[in-house]
Amino acid sequence: MKVTPWEAEGEIDYKRLIKEFGTQVIDERLKERIKKACGELHFMLRREFFFSHRDLDKALQERERGESVFLYTGRGPSRGMHIGHLAPLIFTKWLQEKLGLKLFIEITDDEKFLVKRERNWREVQEAADENILDIVAIGFDPNKTFIFKDSEYIKNVYPLLLKTARKITHSTVKAVFGFTDSTNIGLSFFPAYQIIPTFFEKGRAIIPCAIDQDPYWRVQRDIAEGLGYKKAAAIHSKFIPPLQGPKGKMSSSRAESAIYLDDEPAAVRKKIMKYAFSGGRATIEEHRKLGGVPEIDVSFQWLKILFEPDDRKLAEVEEEYRSGRMLTGELKEILVEKINKFLEEHRRKRDERKKEMMMYKGALAREMWERVYE
Ligand code: TYM
């Protein structure tokens, strides 16, 4: 197993990650606290897709006391934005809606340029602008959300960035991110930029993301208080598995592992039918007799994580499949229909909001372009 912000390989043991990264499991008590604060539990929490955290209990307590907390998340722009990238954003939208919090969304065009040597600057910019539209389509509160590209916002934050970078040594980034002597110097500087949005306010940042981004928060938590800020809180999800099975993560660098937001209905059907790893049996007779295994079936897992929010309907599918009454092909049909409906709706909202590009114009955005961080 290998999990870094840029790679996830092998069978991912999430319990081991909690131990290795030094995070905490989201237990029943914390779920109760979230439920109290939000009025309900999102299905991604009920089904333990969001499974780990840092100081989320503390952040919720602070909010209860009327102290300031805010949300922060981000995206490393690439042409292939896939459904895995949407999961943390959908959850973030829910948190913003329920808690009424400000939200910063960082678009790390610099990071992507530094990591993917074969891409030129213009391509990264085009991808960033496209990705921003997909993010806007999620429907965040336009007056409480600020989406910014690193290369554009740099003039507002360069002194803060330097103040942060001065606190981070080579030996830290080598140990935390596995950088080596051949890593380019841009990339060893970059972690400072992913950390500074946690300093945009004096209150505590709550960061929803998949667990791969946690190394940044480890560094943030080491230096924040020394700079007069709070240690960030985080809420971590698992990965949406790739179509081919439970190992690794859906990734834009492996085209056949993912469903992209611009995949046409026929392409979605073809990919699911051809690649989606099945928990079904070798023959129909065997399947009817022994039943399917939803735990390893990618179509079922995708329904559980993202595409079937209704617990009762999900339980029905699970029961039908496990009993052998439902065949893999039928389960896949359900998923194809759900995904295509979801993508159609997503693209409709994307076109609708394209005209407004509201995120750049809302109250928080206007205020942020005025601020200069020392
Ligand atoms: P990026 O663009 O690689 O990923 C964006 C978000 O999606 C999560 N993610 C996934 N979640 C579920 N299943 C998957 N298969 C999957 N693949 C990726 C990532 O954890 C992330 O939350 N450096 C960051 C950009 C960034 C950021 C942040 C992310 C800047 N600041 C703060 C989260 C929070 C990046 O390249 O993410």
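1. Of the 23 residues around the ligand, Tyr72, Arg75, Gly76, Asp212 and Ile240 come nearest.

2. The model is predicted: local features need pLDDT of at least 70, side-chain atom pairs count only at pLDDT 80 or more, and totals for chains, interfaces and linings use all residues. Numbering runs from 1 along each chain as its sequence is written, and side-chain values use heavy atoms, with hydrogens and water left out.

3. Polar contacts are pairs of N or O atoms within 3.5 Å. A nitrogen atom of the ligand lies 2.8 Å from a polar side-chain atom of Gln194, and a ligand nitrogen is 3.1 Å from a side-chain N or O atom of Glu106. An oxygen atom of the ligand is 3.0 Å from a backbone N or O atom of Ala210. Of the 680 Å² of accessible area that the ligand has on its own, the protein covers 97% (Shrake-Rupley method, 1.4 Å probe).

4. Strand S5 (69-75) gives the shell around the ligand its largest share, four residues; strands here are DSSP E runs of at least two residues, and helices are H or I runs of at least four. By class, the shell has nine nonpolar, eight polar and six charged residues.

5. The structure holds one cavity of 30 Å³ or more, a cavity being a set of points on a 1 Å grid over the protein atoms alone where a 1.4 Å probe fits but cannot get out.

Conventions
On a 1 Å grid over the protein atoms alone, a cavity is a set of points where a 1.4 Å probe fits but cannot get out, and a pocket is an open set with protein on both sides within 12 Å along at least five of seven lines; lining residues have an atom within 4 Å of a point. Grid points are joined across faces, edges and corners, and a volume is the space filled by probe spheres set on the points. A residue is near a molecule or strand if one of its heavy atoms lies within 4 Å of it. A polar contact is a pair of N or O atoms within 3.5 Å; within protein, one must be able to donate a hydrogen and the other to accept it, and residues adjacent in sequence count only if both atoms are side-chain atoms. Ala, Val, Leu, Ile, Met, Phe, Trp, Tyr, Cys and Pro count as nonpolar, Asp, Glu, Lys and Arg as charged, and the others, Gly among them, as polar.
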